[in-house]
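Student: Hey, can you walk me through this structure? I'd like to ask things as we go.

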Amino acid sequence: MSSRFASLLALALLSSLAACDDSTGIVAADIACPTPQTLTYANYGQAVIAAECLDCHTTKERPFLDTQARVQQNATKIIQEAVYHSAMPEDGSMTNAERIQLGQWLTCGAP
Ligand code: HEC
């Protein structure tokens, strides 16, 4: 392999790695369930999920996130996609503060 080709390959690899790095920098300690915990599906979760996720997660896309039970069942995946990473919401943006609040509510069991 020529060294010119090798460095082109290295560049291509590096840029694809950078494109995949959608980490938010939020870690598990940031989303421990706070005391007291005041957020509920009724006063918080339902509205946030509706505003940020339900364009896509009601009918067509998996997982369905249109009920409290379905959000609870998918809590681990939601934390991965929307709290630790910015993969979701796919078409929008949430601030890290919003992602941490969502993560804390989910860690509490999405009550
Ligand atoms: C614009 C459309 C859109 C919005 C808005 C959106 N999603 Fe998604 N979501 C998708 C699509 C498409 C997939 C399936 C393909 C994929 O994994 O990229 C998906 C997949 C997922 C998955 C499954 C990932 C896996 O590995 O199984 C989770 C969890 C998820 N979304 C959570 C959320 C949450 C939470 C929100 C709101 C904060 C949200 N999404 C908002 C389009 C969207």
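Student: Okay, where is P89 placed?

Tutor: P89 sits in the loop between helix 4 and helix 5. Helices here are DSSP runs of H or I with at least four residues, strands are E runs of at least two, and numbering goes from the N terminus. Keep in mind that this is a predicted model, where local features need pLDDT of at least 70, side-chain atom pairs count only at pLDDT 80 or more, and totals for chains, interfaces and linings use all residues. Residues are numbered from 1 along each chain as its sequence is written, and side-chain values use heavy atoms, with hydrogens and water left out.

Student: Which kind of peptide bond runs from M88 to P89, cis or trans?

Tutor: It's cis, with omega near -5°. Another cis peptide bond joins T35 and P36, with omega about -5°. P36 is in the loop between helix 1 (3-20) and helix 2. In general, most peptide bonds are trans.

Student: Switching topic: which protein atoms are donors to the iron atom of the ligand?

Tutor: H57 (NE2) and M88 (SD), lying 2.0 to 2.2 Å from the iron. Donors are N, O and S atoms within 2.8 Å of the metal (3.2 Å for Na, K and Ca), and water is not among the atoms, so sites may look incomplete.

Student: Where in the chain do those two come from?

Tutor: From distant parts, 31 residues apart. H57 is in the loop between helix 2 (41-52) and helix 3 (68-73), while M88 is in the loop between helix 4 (75-84) and helix 5 (96-107).

Student: And why is the arrangement around the iron called octahedral?

Tutor: Because the six donor atoms subtend angles of 86 to 178°. Six donors count as octahedral if opposite donors are over 155 degrees apart and all others between 65 and 115.

Student: Is H57 buried or exposed?

Tutor: H57 counts as buried, because its relative accessibility is 11%. M88 is partly exposed, at 26%. The cut-offs are under 20% relative accessible area for buried, over 50% for exposed, and partly exposed in between (1.4 Å probe, protein chains only).

Student: What lines the largest pocket?

Tutor: There are 13 lining residues, and H57, P63, I78, E81 and M88 lie nearest its centre. Helix 4 gives the most to the lining, with four residues. A pocket is an open set of points on a 1 Å grid over the protein atoms alone, where a 1.4 Å probe fits, with protein on both sides within 12 Å along at least five of seven lines; lining residues have an atom within 4 Å of a point.

Student: What about the nonpolar core, which residues have the most contacts inside the largest one?

Tutor: V71, I78, L102, W105 and L106, in a core of 21 residues. Helix 4 gives the most to this core, with six residues. A nonpolar core is a set of buried Ala, Val, Leu, Ile, Met, Phe, Trp, Tyr and Cys residues joined through side-chain atoms within 4.5 Å.

Notes
Four donors count as tetrahedral if all angles lie between 85 and 135 degrees; four count as square planar and six as octahedral if opposite donors are over 155 degrees apart and all others between 65 and 115; anything else is irregular.
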